[in-house]
Amino acid sequence: MAKRANDYFELLSKQVKFCTQAADKLEAILNTYSLETISDQQRIMHEIEQNADNLHHEILAKLSREFITPIDQEDILRLVQIVDDVTDALDEVVIDLYTYNVKHLSDDILALVGIVKECVTALDSAVSNLKNFKNPDVLRPLLVEVNNIESKADVLYIEAIHRLFISDINVKEIIGIKEIFDSLENCCDLCEHAADVIEQTVIKNV
């Protein structure tokens, strides 16, 4: 029997750690937010995203040379891509803060980034336990947790947007702040999508 050269479960677990690193950094940026330093913070966050991209391409290169994988190669490709998308989305929040020249953050934004971090942490647990795909009783509760946190983000997002549009701040600020809400909510949506991909993978391979 040919030997499998690469541990793709370990590589995926390593990849998702960039998501948690980016989520930690994003939470720190927002909790100590300063428009004067956002340009520098954007560069730091982008370094995390670039390191994640490098690993993404490394995994793709390994897959292109691999004949035996623990689960279907197509499933690994989907997971690698969606995990990379999560890191990209976290980076995008900081880009938006800079692009829209956001001056002040609301309590709702700070609450939502906390939920984003929860969601990414739950995804990390799920991806790190993907090696247990033959035992779905271990993995499925972790996937449910991701979905539950994403639902919590949806509720906060709806109420936050409502509060934003009944406020008396000017239209230019509303545009920028709504973009931040949209970007944060997208992070959770992508985590949920990743959890769905994992669940589909488990169903195919058990």
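This is a predicted model: local features need pLDDT of at least 70, side-chain atom pairs count only at pLDDT 80 or more; totals for chains, interfaces and linings use all residues.
In soluble globular proteins, nonpolar side chains tend to be buried together.

Leaving out residues up to four places away in sequence, Leu-184 touches Leu-26, Leu-30, Val-93, Ile-109, Leu-112, Val-113 and Val-116.

## Tyr-157 and its surroundings

Tyr-157 is located in helix H5. Its relative accessible area is 18%, so Tyr-157 counts as buried, the limit being under 20%. When neighbours within four places in sequence are set aside, the contacts of Tyr-157 are Lys-178, Phe-181, Asp-182 and Glu-185.

Leu-112 is in turn one of the residues touched by Leu-184.

## The aromatic pair

Across the whole structure, the search finds one aromatic pair. The ring centres of Phe-9 and Phe-133 are 5.7 Å apart and the ring planes meet at 40°, so the pair is classed as tilted. The pair connects distant parts of the chain, with Phe-9 in helix H1 and Phe-133 in the loop between H4 and H5, 124 residues apart. Both Phe-9 and Phe-133 are buried.

## Salt bridges

The structure contains 10 salt bridges. One of them joins the side chains of Asp-72 and Lys-204, with an N to O distance of 3.4 Å. Asp-72 belongs to the loop between H2 and H3 and Lys-204 to helix H6, so this pair ties together parts that are 132 residues apart in sequence. Asp-72 is partly exposed, at a relative accessible area of 37%, and Lys-204 is likewise partly exposed, at 46%.

A salt bridge also forms between Lys-152 and Glu-118, whose closest N and O atoms are 3.0 Å apart. Here, too, distant parts of the chain are linked: Lys-152 lies in helix H5 and Glu-118 in helix H4, 34 residues apart. Lys-152 is partly exposed, with a relative accessible area of 39%, and Glu-118 is partly exposed, with a value of 35%. The bridge between Asp-40 and Arg-43, at 2.2 Å from N to O, is instead contained in helix H2, where the two residues are three apart, about one turn of the helix. Asp-40 is partly exposed, at 42% relative accessibility. Finally, a network of salt bridges links Asp-24, Glu-27 and Lys-117.

Together with Val-171 and Ile-175, Tyr-100 forms a nonpolar patch on the surface, the accessible area of the three amounting to about 290 Å².

Asn-101 is also placed in the loop between H3 and H4. This residue has a positive phi of about 50° although it is not a glycine. Most residues other than glycine have a negative phi. Asn-101 is partly exposed, at 40% relative accessibility.

## Asn-54 in helix H2

Asn-54 is placed in helix H2 and counts as partly exposed, at 48% relative accessibility. The C-alpha atoms of Asn-54 and Gln-15 are separated by 9.8 Å, while the two residues are 39 apart along the chain.

How values were computed
Residues are numbered from 1 along each chain as its sequence is written. Side-chain values use heavy atoms; hydrogens and water are left out. Contact means heavy atoms within 4.5 Å. Patches are made of residues with over 30% relative accessible area and no salt bridge: like charges are joined within 9 Å, nonpolar side chains (Val, Leu, Ile, Met, Phe, Trp, Tyr) within 5 Å. Accessible areas come from the Shrake-Rupley method with a 1.4 Å probe; for residues, only the protein chains shown count as cover. A salt bridge is a side-chain nitrogen of Lys or Arg within 4 Å of a carboxyl oxygen of Asp or Glu. Helices (H or I, at least four residues) and strands (E, at least two) are DSSP runs, numbered from the N terminus. Buried means under 20% relative accessible area, exposed over 50%, partly exposed in between (1.4 Å probe, protein chains only). Rings of Phe, Tyr and Trp (its six-membered ring) pair if their centres lie within 6.5 Å; planes under 30 degrees apart count as stacked, over 60 as edge-to-face and the rest as tilted.
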